[in-house]
Amino acid sequence: MTRTVGILGGGIAGLALAARLAGRGHAVTVYDRDRLGGKLRQLMLAGEVVDTGPSLFTFPQVWRAYLRGLNEPDPLNLRPLPGGLGVHHTPHGPVPLPVPPGHPLHPHWERYEGAAAPLAPFLPVLLTTPPRLRDPLFRQAAAALLRVQGPYLTAQRWLAAQRLPPALTHALATHALNAGLAPQVAPPLYALIPALASAEIYQPERGMGALLDALLAFGQARGVQLREQTTVKSVLGQTLILSRGETARHDLLVSAMDPHRLAALLGKSAPSPLARRTVSGVGVYAVLPHPAPLPATSVLPPSSFAAFHAHVQRGALPPDTLTLVHAHTRQLSILLATPATGEPLTLPHPWVQAQLRRVEETLHTPGLLRDALDVATLAPDHYAQGGHPGGALYGPGLPAWRGGPLHPQPYRLRAGLWQVGTGVHPGGGIPAILGGVQIVDQLLQEAGW
Ligand SMILES: Cc1cc2nc3c(=O)[nH]c(=O)nc-3n(C[C@H](O)[C@H](O)[C@H](O)COP(=O)(O)OP(=O)(O)OC[C@H]3O[C@@H](n4cnc5c(N)ncnc54)[C@H](O)[C@@H]3O)c2cc1C
């Protein structure tokens with residue numbers, strides 16, 4: 001007999017899991033309060049389609065493992081992004097990651113890569129396998145991680161122990177942001193990400209929107225029902241109370257939205273909605289009259305991670321924040337990290353203007369946005385509308401001892417109610433989410449779904 005599944009939230013996680021469950025014969029409906037895609041959203045600016053949200057497609061092995069489970073070929077035509085993780089403008093000088101041969105820092109980069117290398121074959125396992133010690137493959141992968149990270153509990157301490165030149169240390173520490181955390185509180189794994197990922201930094205040939213198109217196509221081919229503009233107002237047992245007074249009952253419910261939001265829908269009290277240990281951001285998206293004279297990716301780390309961390313903890317705007325600049329044809333995106341406080345920050349805001357001046361000065365591009373044909377800004381209040389209540393980009397910030405792939409998360413809340421997505425698999429963006437989908441899918445299969 002066909003069983004029905006209701007998925008709450010149609011971001012990357014909800015759509016990816018929907019296709020897997022529908023592929024096993026379940027009748028799956030995805031409900032989203034807004035448009036499908038969640039943080040992966042396209043805007044029209046000056047007549048061009050502009051992708052907002054994720055821009056770097058990393059750890060493609062996790063995507064390929066997802067595709068194998070659906071028996072689908074890869075429709076994305078992933079292309080390496082020129083310059084990999086980009087030029088990092090540290091207070092000690094610019095550092096390209098990966099550091100190319102011939103660069104004075106290259107021998108140090110090679111030593112750093114060598115320290116991370118034993119983990120490389122196991123990372124896809126860690127990202128896609130339920131963390132259970134009785135599973136020999138997981139045990140082997142966890143042992144490799146523990147060996148590489150040694151006795152160090154944070155990214156900062158691991159990096160300090162490598163005794164690399166300050167410019168390289170500063171550039172590498174920046175990647176703790178992938179956990180939404182400063183290096184002094186992120187697990188050591190995040191200091192290893194540039195070594196593990198930088199040979200494979202991709203974008204789909206047709207832009208990130210192609211990932212959304214692919215997930216939608218996989219679902220449609222398997223009969224997934226898509227309900228946009230349909231808000232889940234509350235969850236009573238297996239019944240969803242939807243907008244416009246509609247109700248829907250499903251044998252299985254899977255939440256693919258932020259756990260704080262789900263708690264509210266279940267009528268439970270949730271801890272403070274503004275988790276200040278993690279980051280949100282202001283995304284400035286522009287179409288320029290001509291391509292900007294910039295590499296594909298430039299990174300401006302905060303000059304002091306201690307000051308950055310203290311500000312994020314307090315929910316205050318850091319004096320000079322972590323900034324990612326992507327230039328592609330005439331399109332330019334500038335992402336400024338902010339604390340996840342759900343604030344509405346607009347382009348004229350003095351702090352946003354000060355950060356844009358820092359970008360112009362550092363990259364020697366005065367008046368970068370002056371002649372822009374069109375500009376749009378997405379701020380923490382935007383990300384908070386359908387995600388974490390503070391607008392956290394990578395889910396909640398977990399303490400180092402609970403973060404990373406070694407720790408089971410609350411995938412199953414009760415019989416008939418499970419959860420997936422960035423709030424449940426925080427850190428790392430798309431690989432963490434697609435890996436989390438595979439973990440939850442495997443556990444659901446074992447539970448008879
Ligand atoms: C600016 C930015 C840059 C990023 N850069 C990268 C990057 O370079 N690489 C990378 O890998 N990752 C990146 N990320 C992270 C990545 O985009 C996210 O982790 C991912 O998109 C989250 O997907 P999700 O499905 O878990 O959650 P979401 O996208 O938040 O989806 C949740 C969905 O639930 C819906 N919803 C909420 N409440 C309800 C309700 N009551 N009823 C119905 N529906 C509801 C929402 O509308 C939303 O569609 C970035 C994110 C941002 C914002």
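Strands β3 and β4 form a hairpin with two residues between them. In its turn, alanine 46 has a positive phi of about 45°. Helices (H or I, at least four residues) and strands (E, at least two) are DSSP runs, numbered from the N terminus. The model is a predicted one: local features need pLDDT of at least 70, side-chain atom pairs count only at pLDDT 80 or more, and totals for chains, interfaces and linings use all residues. Residue numbers start from 1 along each chain as its sequence is written.

Pairing of two strands requires at least two bridges found by DSSP. Arginine 41 has threonine 52 as its bridge partner in β4.

The domain assignment divides the protein into domain 1 (4-41 + 209-273 + 392-446), domain 2 (109-193) and domain 3 (279-339 + 345-378). These bounds come from an automatic or database domain assignment. The centres of domain 1 and domain 2, taken over C-alpha atoms, are 28 Å apart. Their contact takes 23 residues from domain 1 and 18 residues from domain 2. Two residues are in contact if their C-beta atoms, placed from the backbone, lie within 7 Å.

An open sheet of six strands has the order β9-β2-β1-β13-β20-β19, with mixed pairing. Its edges are β9 (225-227) and β19 (412-414); each has a single partner strand, so one side of each is left without a neighbour in the sheet. The twist averages 20° from one strand to the next. Axes here are lines fitted to C-alpha atoms, for helices over the stretch in contact, and angles run from 0 to 180 degrees between N-to-C directions. Within the sheet, β1 (residues 4-8) and β2 (residues 27-31) run parallel and are joined by five bridges. Isoleucine 7 stands opposite valine 30 in β2.

Isoleucine 7 also belongs to the largest nonpolar core, which has 127 residues. Such a core is a set of buried Ala, Val, Leu, Ile, Met, Phe, Trp, Tyr and Cys residues joined through C-beta atoms within 7 Å. A residue is buried if 20 or more other C-beta atoms lie within 10 Å of its own, exposed if 12 or fewer, and partly exposed in between. Ile7, Ala16, Leu17 and Ala18 have the most contacts inside the core. Helix α1 (residues 12-23) supplies the largest share, nine residues. Leucine 17 touches Ile7, Val254, Ala256, Val420, Val437, Val440 and Asp441, not counting residues up to four places away in sequence.

Helix α3 (residues 106-116) has Trp109, Tyr112 and Ala116 buried. Seen down the axis, these residues fall within an arc of 60°, so they line one face of α3. The arc is that of the directions from the helix axis to the C-beta atoms. Exposed Pro107 and Gly114 lie on the face turned away from the buried side. The buried residues of α3 pack against α5, α6, α7 and α8.

In helix α6 (residues 155-162), the buried residues are Ala155, Gln156, Trp158 and Leu159. Their arc around the axis is only 165°, which puts them on the same side of α6. Their cover includes α5 (136-149), α7 (166-173) and α8 (189-197). Arginine 163 follows α6 and has a positive phi, near 50°.

Proline 96 is found in strand β7 (residues 93-97). Proline 96 is buried, with 20 other C-beta atoms within 10 Å. Leaving aside neighbours within four places in sequence, proline 96 is in contact with Gly83, Val87 and His103.
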